[in-house]
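Subject: Structure handover

Hello,

Here is the structure I promised to pass on. Please open it first, then read my notes alongside it.

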Amino acid sequence: MTITTLGRMGLKVNKDGFGALPVQRVEKSIAVKLLQKALDGGINFFDSARGYSDSEEKIGAAFSDRRDKFILATKTGSKDAETFWKHLETSLSTLKTDYIDVYQFHNPNFVPRPGDSSGLYDAILKAKEQGKIRFIGISNHRLPIAKEAVESGLYDTLQFPFNYLSDDQEIALTKLCLEKNVGFIAMKALSGGLLTDIGACHGWMAQYPNVVPIWGIQRESELDQLFSVMDRGTELSAAEKNRIEADRKELSGTFCRGCGYCMPCPAGIIINTCARMSLLLRRSPSARFLGEEWQKEMAKIKNCKHCGHCTSHCPYGLDTPALLAKNYEDYQKLLV
Ligand code: SF4
Ligand code: SF4
């Protein structure tokens, strides 16, 4: 098991963290057992968010009597100080704790700073003074905001998408974090389910000692797979190198990362799934996507109002309506 230090905070964490977004999709007793098995197996860093429905509640139920055994990170999507305090108090209560180790602003579209009109940074500093949080973090999907946050010196951690599809600028961001001693927490280590070779993903990630991926886990089999590769080191087999190269060719530039920042859509389209349906069906086959329920969801693409909301909110600059139309066309072919 590899232990690493998360940025300047001196927090010692297992190099592999647990991303607790997917546990919101499983029944509470199953989630609790999964979380406990992860901690028993040596994973001691758990990341959640106020916005992940009951994820925090499940962490609270799993660990309320073992609070000193793990590092806890969560997030607030608040846009003003009043909501910030409501979120923080709710998180403390649902997590059944009196402190959060790393409290992060959840994908804001600006870098909160002391004295700005949002009041967010002043509030988080006050929460730190009160001992309700220990360190200040920020998560983001936009490279310019992420860079600005790291360079500002105001943040102890950055959470950013990172996996073997990441480009040179994103790799440079991990180096900037190293220079500035900011902890780098990697989300989307499997690119939202599009990367399926955990060995290749883990081996590639292990080459970045300052990066702590939070693997999104909702099944015991996924946790067991993670355990099986945790000590495998940075060596990649020839097959894994070929897989990485092939995936980089197939998934470059114009694919939807599934982040959901373009939503909600006024036509009710579940963009973060529908805009990558072709990839999901080919790369991680799931019969349910061909069932009646998803056929109805995909048919909503025909109702796109071309309002421009998704394109103006996509951090990857995608032409989302065109991508949706392409996916719908392909989906219909797969149905016959
Ligand atoms: S352009 Fe179409 S898909 Fe995008 S948000 Fe508007 S209605 Fe939804
Ligand atoms: S279209 Fe862009 S914003 Fe929307 S889910 Fe995909 S990557 Fe995210």
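The shell around ligand 2 divides into eight nonpolar residues, four polar ones and one charged one. Ligand 2 is surrounded by 13 residues. The closest are Cys256, Cys259, Gly260, Cys262 and Cys314. The space that ligand 2 takes up is the second largest cavity. Keep in mind that this is a predicted model.

Now ligand 1. Where does ligand 1 sit? Its place is the largest cavity. The residues around ligand 1 include Cys265, Cys304, Cys307 and Cys310. Pro266, Ile269, Lys305, His306, Gly308, His309, Pro321 and Leu324 are also around ligand 1. By type, the shell of ligand 1 splits into eight nonpolar residues, three polar and one charged. Two helices each supply at least two residues of this shell: α13 (309–313) and α14 (320–335).

Most residues other than glycine have a negative phi. Is His306 buried or exposed? His306 has a relative accessible area of 61%, so it counts as exposed; the cut-off for exposed is over 50%.

Asn181 has a positive phi too, about 60°, and is not a glycine either. Look for Asn181 in the loop between α6 and β9. Its relative accessible area is 40%, so Asn181 is partly exposed.

There is also a peptide bond to check. The bond from Met263 to Pro264 is cis, with omega near 5°. Most peptide bonds are trans. Pro264 is found in the loop between α9 and α10.

Next, the whole protein. How many helices and strands does the protein have? There are 14 helices and ten strands. The C-alpha trace spans about 60 × 50 × 40 Å along its principal axes. The protein has 336 residues, and a compact globule with that number would have a radius of gyration near 20 Å. The protein has 20 Å, so the two agree. Of the 336 residues, 53% count as buried. Now take the contacts in the protein with a separation of 6 or more. Residues 24 or more positions apart account for 75% of these contacts.

Phe84 lies in helix α3 (residues 81–94). At 0% relative accessibility, Phe84 counts as buried. Leave aside its neighbours within four places in sequence, and Phe84 is in contact with Thr76, Ser78, Tyr103, Phe105, Leu120, Ala123, Ile124 and Ala127. From C-alpha to C-alpha, Phe84 and Gly253 are 35 Å apart in space. In sequence, Phe84 and Gly253 are 169 residues apart.

Thr273 lies in helix α10 (residues 271–274). Its relative accessibility is 15%. The cut-off for buried is under 20%, so Thr273 counts as buried. Beyond its neighbours within four places in sequence, Thr273 is in contact with Leu280, Phe289 and Trp294.

Asn44 has its place in the loop between α1 (28–40) and β4 (45–47). With a relative accessible area of 16%, Asn44 is buried. Which residues is Asn44 in contact with, leaving aside its neighbours within four places in sequence? They are Lys12, Val13, Asn14, Leu39, Lys69, Phe70 and Ile71. Asn44 and Ile3 are 41 residues apart in sequence. In space, Asn44 and Ile3 are 9.8 Å apart, C-alpha to C-alpha.

Best wishes

Terms used:
Residues are numbered from 1 along each chain as its sequence is written. Chains are lettered from A and ligands numbered from 1 in the order in which they are written. This is a predicted model: local features need pLDDT of at least 70, side-chain atom pairs count only at pLDDT 80 or more; totals for chains, interfaces and linings use all residues. Side-chain values use heavy atoms; hydrogens and water are left out. A residue is near a molecule or strand if one of its heavy atoms lies within 4 Å of it. On a 1 Å grid over the protein atoms alone, a cavity is a set of points where a 1.4 Å probe fits but cannot get out, and a pocket is an open set with protein on both sides within 12 Å along at least five of seven lines; lining residues have an atom within 4 Å of a point. A molecule sits in a cavity or pocket if more than half of its atoms lie within 2 Å of its grid points. Helices (H or I, at least four residues) and strands (E, at least two) are DSSP runs, numbered from the N terminus. Ala, Val, Leu, Ile, Met, Phe, Trp, Tyr, Cys and Pro count as nonpolar, Asp, Glu, Lys and Arg as charged, and the others, Gly among them, as polar. The radius of gyration is taken over C-alpha atoms; the globule rule is 2.2 Å times the number of residues to the power 0.38. Buried means under 20% relative accessible area, exposed over 50%, partly exposed in between (1.4 Å probe, protein chains only). Contact means heavy atoms within 4.5 Å.
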